[in-house]
Amino acid sequence: MATGGEIPGMVPEREDPVPPGKPMSVEEQLLEKGAAMLQSLKPVKQMSQHVCTFALYGHDLTRQIETHHYVTRINQDFLQSAVYDTDESHGRLIGVEYIISDKIFETLTSDEQRLWHSHAYEIKSGLWVNPRVPDMVVKPELENLAKSYGKFWCTWQTDRGDRLPLGPPSLMFSPQPGMVRPDLVEKRDNKYNISTHALKTSRVEIPEPEWINPWADYWKQHLEAGKGFAVEVQPAEMKKRVPFP
């Protein structure tokens, strides 16, 4: 049995962000360039936003990471994002987040709702930023996102040194007051020459949601009991394809 926090199989190597493997051959590089010229890559080209923020592991709040979300808006009530560990060219795809409006969130069952987190504090506090885009440009989007909910699965725990995506995914939580390590915020702010504190001040007029469903951020209601979420992989009966007559 393996959980999101205990993965056997590989000794961490924290210095090298590149997965193990040989460098690409000249033939492979030519194939990559040719394919990029001939194929449409339509889903990828729909990504219209880069968001930098932070996330906490659902089974271990002491583990906090900076995340980079490349966001596609499907419609007014649904967004999806590919999540990377950096915005550099060697960035590793570490997960996916889905974002829905409060209207859609209210249609979910309570069992499903507890897997989602709210975005109000993340937006209002200045932790959620669109690097190199003035806040006044993205303010209408931020006002919408402050009322939204997200579900973020991390599939590659690079923060612990994994050079490959190992084990089951981990459910991630949105940062809440006083939870994000100041050194992580300072490092991010220095990189983009921004001030999270100044952003928080400038966003004071973004309306607070009238109501945040208590089934979201479910862990907050069970913090004293130390209850979070971890995915376990267990053997199960496999459904076999029905044989042809």
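Two strands pair if DSSP finds at least two bridges between them. Helices (H or I, at least four residues) and strands (E, at least two) are DSSP runs, numbered from the N terminus. The views below show a predicted model, in which local features need pLDDT of at least 70, side-chain atom pairs count only at pLDDT 80 or more, and totals for chains, interfaces and linings use all residues. Residues are numbered from 1 along each chain as its sequence is written, and side-chain values use heavy atoms, with hydrogens and water left out.

**View 1. Confidence along the chain.** pLDDT is the predictor's confidence in each residue, from 0 to 100. Its mean over the protein chain is 89. A value of 70 or more is reached by 91% of the residues. In residues 6-14 the pLDDT is below 50. Beyond near neighbours in sequence, that stretch has 15 contacts in the model (contact means heavy atoms within 4.5 Å).

**View 2. Strand β4 and its two partners.** Strand β3 (residues 78-84) pairs with strand β4 (residues 93-100). The pairing is antiparallel, over 7 bridges. Leu79 has Ile99 of β4 as its bridge partner. Strand β6 (residues 149-154) also runs antiparallel to β4, joined by 6 bridges.

**View 3. The largest nonpolar core.** A nonpolar core is a set of buried Ala, Val, Leu, Ile, Met, Phe, Trp, Tyr and Cys residues joined through side-chain atoms within 4.5 Å. Buried means under 20% relative accessible area, exposed over 50%, partly exposed in between (1.4 Å probe, protein chains only). The largest such core has 11 residues, including Val51, Leu79, Ile99, Trp128 and Ile206. Helix α6 (residues 135-145) gives the most to this core, 3 residues. A second, separate core holds 9 residues, among them Val83, Ile94, Trp156 and Met172. Back in the largest core sits Trp128. Leaving out residues up to four places away in sequence, Trp128 touches Val51, Ile99, His119, Leu142 and Arg203, among others.

**View 4. The buried side of helix α6.** Asp135, Val138, Glu141, Leu142 and Leu145 are the buried residues of α6. They lie on the same side of the helix, because their arc around the axis is only 120 degrees. The arc is that of the directions from the helix axis to the C-beta atoms. Their cover includes β1 (49-57), β2 (60-75), β3, β4, α5 (120-124) and α8.

View 5. A disulfide is a pair of cysteine sulfur atoms within 2.5 Å. The whole structure has 0 disulfides. For Cys52, the nearest cysteine sulfur is that of Cys154, 15 Å away. Cys52 is buried, at 0% relative accessible area. Cys154 is likewise in no disulfide, and its relative accessible area is also 0%, so Cys154 counts as buried.

**View 6. Thr196 in helix α8.** Thr196 belongs to helix α8 (residues 196-202). Its relative accessibility is 8%, so Thr196 counts as buried. Neighbours within four places in sequence aside, Thr196 is in contact with Ser125, Gly126, Leu127, Val185, Arg188 and Asp189.

**View 7. Glu112 in helix α4.** Glu112 is placed in helix α4 (residues 110-113). With 22% relative accessibility, Glu112 counts as partly exposed. Lys151 is 39 residues apart from Glu112 along the chain. Their C-alpha atoms are separated by 9.9 Å.
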